[in-house]
Amino acid sequence: FQLKSSTSLSSVFACVLAANRIVTVGMMLVSLAACIAIAVAIEASLPHYPQLSELGIDDECAEQEQSQCALSAIQRLALQRTTRELPQQSGSCKSYGCNAVYVHDQNCQCNSKCAKHANCCKDYAHQCTNAAAPEHDTCKSYGCNAPYAHHRSCQCNAECTKHGNCCKDYSSTCTKASPPVKPTSSGGAFGPVTRMSPLCNEGTPAKLWSPASDGPELNIKVLSYNLFWWSLFRNRKGNHNSAGNLIKVHMSKHPFDVMGFQECEGGGRVLEPVGLLEHYTVLNGPHAVCMAFRKTTWTLLAHGTTIVATDMRSHNFGERGAQWVRLRHTETGKTLLFVNHHGPMEVNSGGQCGGISTARNLLKLMHDSAKPGDALILVGDFNANAASQTIQELWSHLVLAYTGNSFGGVDNIFSNIQTASIRGRKILGGGGSDHDAISTVFSVGGGGGLTTKALPESFASGAVKALGKAPLAWCGLHESGIEYAIAEGSWKKTIGFAGDLSNKYGQFPDHCCMHCEEEPECKSWTYDPKLQCQLHGSTPLRKIAKAGYTSGLPERDAVAKAADSARFAIRDMSGAGIRATTASTTAADTTTITSTASTTTTTTDTTASNTTNIIASATAETETTTTTTSTTTTTTITTTTTSTTTTTTITTTTTST
C-alpha cells in the first residue's frame, strides 16, 4: 500500500504497538490486517491532491485536470510536504540571476543542473534556458584558477589537466598562451570574462582622460557596498533585509544611478525584497561581485569582467576580477564606465604580482573598455588601504573621491572627475555587514570642465586618517615576491614559525607583520619560504625579487609613508602626469628592485627632498592662478654597478598652466 498522509501512517503505527501486546502469532497477523484496513479507510476519506507529475510549470493542474483548477495555497503546501519539494514561491531566477553553480542558501536554483535535482526556480526555463542564454559549465562563467568545486561538472584550475576534468574552454580561456580578448557585450553567464596578460604588469600606466564637459549638467549617485554575504545572507538569512533597507533609506531624495557590491552572490536577493528590483538591472559577476544600474535612466552598452590580480599563496581564494559596465544616460546622452572590484589578499599586498601591477591592470581595463570622453568611476573593497601600493598608485592616475573607515579604509571610490565636481560624500552604515556602505555624488557636464579656481584637496588625506580608525584590522604594507636587503649592523630578530608551538599568530606573512608591530625597534620585515620571519631595525636599502618571499612595513611606518604620498594625489586628470612622476620619485625611498639573477644595483637620490619641495610648490601654484610658470630642477643620481660608476644628470622641466 502507498500511504500518503501522516494520519494514515500514524494509525498503522498505533495499531502495530497494540498488536505487540497480543501473544499468539495468528492473532497478531489478524490485528495487523485490521490496522491496515483502518489506514486504507482513512486514506480514502482524505481529499485527493494531484501528484507532482500532474502539475504544469505554473503550478496549475495539467490540461486533463482542468476541472480541479489551480491549486490553492493550502493544497500547494500539503503537496510540498508530501513530495518533499523545495519551496519556490519565495525565490526566482529574475532576482537570483542565472548562476553557474549551486547556491545553498537559495530557496531554488538557477543553474544547468537544477532540472536533474528538481530544484529549479519556477521561472528558470523562461529566464535561463532561452536561445540567448549562455552556456554555464565553462571557464568563462566559473572564472580561471577557481578552487576545486565538487559540485561542478568541470574545473578551471591548473590541476584540471592532471585529473582530466578541465572545462572544454579551459585552454582558450585560462592558459597564458591564449591571446587577450578585448571585452565585448557578448559572452558567458556573467558577460565576457577576460584575463589581463600578463597579470604582473609594471609597465607604463594607461593614460586616461577627463569626462566630456559639454551638454547639460548630470549628477551621478554611486554606491559601493561589501555585503558580508556568508554571514548576512547565508547565516542570518538576510537579517530581515537589512542591507536592502539601508539602500532604500538613502534613496528618498536621489536614487542611486549605479551600485557596486562585493561579497555578493546575487544582487536581486538584496534589491527585490525591498521593492527596488523593478527599477534596476542587476549584473551578477564571477568571484562574488555584483552591480546594478538604474534602468529607467541608463541604457546598457557593454559589460564584462577582467581578471586583474591573484591572491597571495598564504590566503589564496583564486583570481580577482574587476566587473565593468558601460552605460549611456537616456536623457543627456552622456556615457559612463562603471567598474566594481574586490581586491586580492593579503590586505595591502596587491596579491601575487603586487599593488602596482593590480593598480595598472585596473587602469588598463578602464582604458580598454571605455572611450575618450566617458566618465570613469571605480569602486570597491580593494582589500587595500592608503598604506598600500595599490591605492597610492591609483592616487597618481585617478581622483580619489571618497574612502570609508572599515578596516583602515579598504572601501574606495575613484573617478576621472575633478574634486570640484564632487557634490556629496557619505558613509551610510553597515546594514548588517562588517563594512560600511559608502556613497558619492558626482557632477559631469554643464561646462564644468577644468577650472581656474583652486581645486579642493583629494580625499587622500582623509584616507590616511582612516588608517588610524581600525587598529589591528590591517597590518602595514605587504610586497609579494620581494626580499628586503638591510644595512649590516642594524637590529634584527628571527622568529621560526616551523614547529614553534609558542607562536601566537601563525605561519603567514601577515603574522610576521604582526610580530613587527609588537617590536618597537622593528622598521621592516621579511617572510621567507622556510617559514621564518625576519624582523629588521631599519628600512630596506634595496628590494630583491625572490619567489616565495614577502616583505613589508609595520603600520606606523606605512602610515608615515602614506601621509607623504597623499600630498601628491591628483585633483583632476590634467595634473596626472606631473604628480604621478613626483609620487613615483618620493615613493621610491632610495630603493630599487633587482633580480637575484642579475647584477645588484644601488641607486642613491642625493636631492630627492629638494626636488619634492620644488615640484609640490609648482603644483600648488597651478591650482590658484592661470599664470604659466616654468621650474627647472637638476637632480644628480649616482648609480654604482659592478665595475663602473656613472653620473647621470636628469633635468626635469615642470610647466603649469
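**Figure 1. K426 stands opposite S439 in strand β13.** The structure is a predicted model, in which local features need pLDDT of at least 70, side-chain atom pairs count only at pLDDT 80 or more, and totals for chains, interfaces and linings use all residues. Residues are numbered from 1 along each chain as its sequence is written, and side-chain values use heavy atoms, with hydrogens and water left out. Strand β13 covers residues 437-444 and is joined to β12 by six bridges, the two running antiparallel. Two strands count as paired if DSSP finds at least two bridges between them. Strands (E, at least two residues) and helices (H or I, at least four) are DSSP runs, numbered from the N terminus.

**Figure 2. An open sheet is formed by six strands.** The order is β4-β5-β3-β2-β13-β12, with mixed pairing. At the edges are β4 (280-285) and β12 (422-429), each of which pairs on one side only. From one strand to the next, the twist averages 15°. In general, strands of a sheet pair through backbone hydrogen bonds, either parallel or antiparallel.

Figure 3. Axes are lines fitted to C-alpha atoms, for helices over the stretch in contact, and angles run from 0 to 180 degrees between N-to-C directions. Contact means heavy atoms within 4.5 Å.

**Figure 4. Strand β14 is largely enclosed by the rest of the structure, because nine of its nine residues are buried.** Buried means under 20% relative accessible area, exposed means over 50%, and partly exposed lies in between (1.4 Å probe, protein chains only). Strand β14 takes in residues 477-485. Eight bridges link β14 to β18 (residues 542-553), and the two strands run antiparallel. Within this pair, S480 stands opposite T550 of β18.

Figure 5. Most residues other than glycine have a negative phi, and most peptide bonds are trans. With a relative accessibility of 55%, K237 counts as exposed. N383 is buried, at 10% relative accessible area.

**Figure 6. The peptide bond from M345 to E346 is cis.** Its omega is near 0°. E346 lies in the loop that connects β8 (335-342) and α13 (355-369).

**Figure 7. Two stretches of the chain have pLDDT below 50, residues 131-135 and residues 595-657.** The pLDDT is the predictor's confidence in each residue, from 0 to 100. Over the protein chain it averages 74, and 64% of the residues score at least 70. Beyond near neighbours in sequence, residues 131-135 have six contacts in the model, and residues 595-657 have 96. Where pLDDT is low, the predicted coordinates should not be read in detail.

**Figure 8. The protein chain contains 19 helices and 22 strands.** Of its 657 residues, 51% are buried. Among contacts with a separation of 6 or more, 68% involve residues 24 or more positions apart.
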